[in-house]
Amino acid sequence: MTNNEIIQSEYSAPSNIAIVKYWGKKGLQEPVNPSISFTLSKAKTTTKVSYEPCDRDLEIDFKFDRNRADVFLPKLHAFVERLLPHLPFLKSGILNIESTNTFPHSSGIASSASSMAALAKTLIDIQIKLDDQFKVSDLNKFRSRLARLGSGSASRSTMNGWVLWGETPVYNASSDKYGVDINKHVHESFKDLQDTILIIRKGSKAVSSTQGHQLMENHPYKEGRIKQANNNIQVLIEAFKSGDFESFSKVCEQEALSLHGLMMSSSPAYTLLAPESIRAIRRIQKFRDHQHVPLTYTLDAGPNIHLIYPSSQTHIIKPFIEEHLRPLCENSELIYDQLSLD
Ligand code: PMV
């Protein structure tokens with residue numbers, strides 16, 4: 001590469017939904033407990049970057065959906081600062097970043113995982129294009145490790161399908177520094193899962209995940225939570241081997257409610273649930289008890305519900321969603337998404 005040539009790169013990354021939740025950090029964006037998630041098909045971020053080398057300190061220009069979005073600049077600068085020891089080109093030059101999401105803005109789907117993962121991939125690519133001496137021994141690990149520095153859950157969005165992030169004695173290759181692809185240990189029946197996202201409330205959250213993670217530092221239930229998550233990882237990995245949906249659903253729902261229970265017992269205490277979230281959960285439980293269908297749900301750090309079920313059950317579950325759950329959503333909005341394997 002000649003010195004002042006503009007370098008470009010473009011990558012996409014999917015959003016993900018955690019079944020065992022990461023809640024609480026240690027050190028530099030490392031998790032206090034392991035987590036497992038799957039990536040989504042429709043909810044993606046695409047990021048285009050062009051980089052112009054020059055001697056000035058790094059300047060960042062950021063556009064979201066074609067519009068300048070300076071509100072994100074402090075977060076981007078903080079991310080770049082953490083990446084600098086790994087990607088030396090970020091010391092100087094002009095970086096133009098343009099990002100778009102396939103899912104609607106403020107739909108309640110967390111975009112930090114997909115956006116930080118897509119950005120990490122493009123920046124690594126630029127470093128490689130700029131410097132042919134730059135060698136990475138394992139590109140997948142490196143991408144996940146760097147995405148983690150932007151947002152913990154982004155470490156699970158640089159690859160597809162089921163990903164485990166965080167050390168656990170039940171999985172040898174696990175690490176606090178990067179996510180690992182565990183698809184080969186997952187029963188086929190867990191590979192065609194649907195995720196229907198009920199948009200109970202649009203818009204941003206009253207308490208951010210960053211604040212929520214911080215509140216875990218002195219949380220009275222911290223040790224119990226770490227134990228619970230480790231145990232749930234073990235149960236989930238067992239369920240994955242045998243294809244046991246019932247045991248999967250127990251973990252899924254306990255994790256969802258525990259996450260919100262931890263928020264309600266933090267100091268200060270808070271809740272992100274809306275009355276319709278609880279109403280939806282009750283309707284899901286009732287429907288499942290009557291119909292005996294494999295259907296479960298999880299929650300992210302917000303009021304929206306992720307309904308999870310095998311696609312073979314869509315013909316039974318979709319009419320229920322349309323009649324009993326869609327009316328609980330803001331502007332009757334929901335998204336039919338699914339697990340992505342590629
Ligand atoms: O990656 P962060 O810092 O936005 O935290 C994500 C936390 C949860 O979404 C609540 C759980 C998870 O594991 O994704």
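Predicted model: local features only at pLDDT ≥ 70, side-chain atom pairs only at ≥ 80, totals over all residues.
Two strands count as paired when DSSP finds at least two bridges between them.

**View 1. Strand S5 has a partner in S6 and another in S7.**
Let's start with S6: Lys63 has Arg68 as its bridge partner there. Two bridges join S5 to S6 (residues 67–68), and these strands run antiparallel. They make a hairpin with two residues between the strands, and Asp65, in the turn, has a positive phi of about 50 degrees. Now look at S7 (residues 92–101), which pairs with S5 (residues 59–64) in the parallel sense over six bridges. To find your way in, pick out Glu59, which stands opposite Ile94 in S7.

**View 2. The ligand lies between two domains.**
Why does the ligand count as lying between domains? Domain 1 (7–184) and domain 2 (187–338) both give residues to the shell around the ligand, so it sits between them. There are 14 residues around the ligand, and the ones that come nearest are Ser151, Ser153, Arg156, His213 and Asp300. Sort the shell by class and you get five nonpolar, six polar and three charged residues.

How much of the ligand's area does the protein bury? On its own the ligand exposes 380 Å², and the protein buries 91% of that.

**View 3. Strand S11 is covered on both faces.**
Here's a handy rule: in a regular strand, side chains alternate between the two faces of the sheet. In S11 (residues 296–299), Thr296 and Thr298 are on one side, Tyr297 and Leu299 are on the other, and all of them are buried. S11 runs antiparallel to S12 (residues 305–310), and four bridges join the two. Together S11 and S12 form a hairpin with five residues between them.

**View 4. His292 and Asn331 have positive phi values without being glycines.**
His292 is in the loop between H7 and S11, and its phi is about 50 degrees. Is His292 buried or exposed? Its relative accessibility is 68%, so it counts as exposed, the cut-off being over 50%. For Asn331, go to the loop between helix H8 (314–325) and strand S13 (334–338). The phi of Asn331 is near 50 degrees, and this residue is exposed too, with a relative accessible area of 57%.

**View 5. A cis peptide bond joins Ser267 and Pro268.**
Omega for this bond is about 5 degrees. Where does Pro268 lie? You'll find Pro268 in the loop between helix H6 (245–264) and helix H7 (275–291).

**View 6. Lys241 is an exposed residue of helix H5.**
Helix H5 covers residues 222–242, with Lys241 among them. The relative accessible area of Lys241 is 52%, so it passes the over-50% cut-off for exposed.

Conventions. Residues numbered from 1 in each chain as written. Heavy atoms only, no water. Near = heavy atom within 4 Å. Areas by Shrake-Rupley, 256 points an atom, 1.4 Å probe, with all protein chains shown as cover. Nonpolar A, V, L, I, M, F, W, Y, C, P; charged D, E, K, R; others polar. Domains from an automatic or database assignment. Buried < 20%, exposed > 50% of the residue type's maximum accessible area, 1.4 Å probe, protein only.
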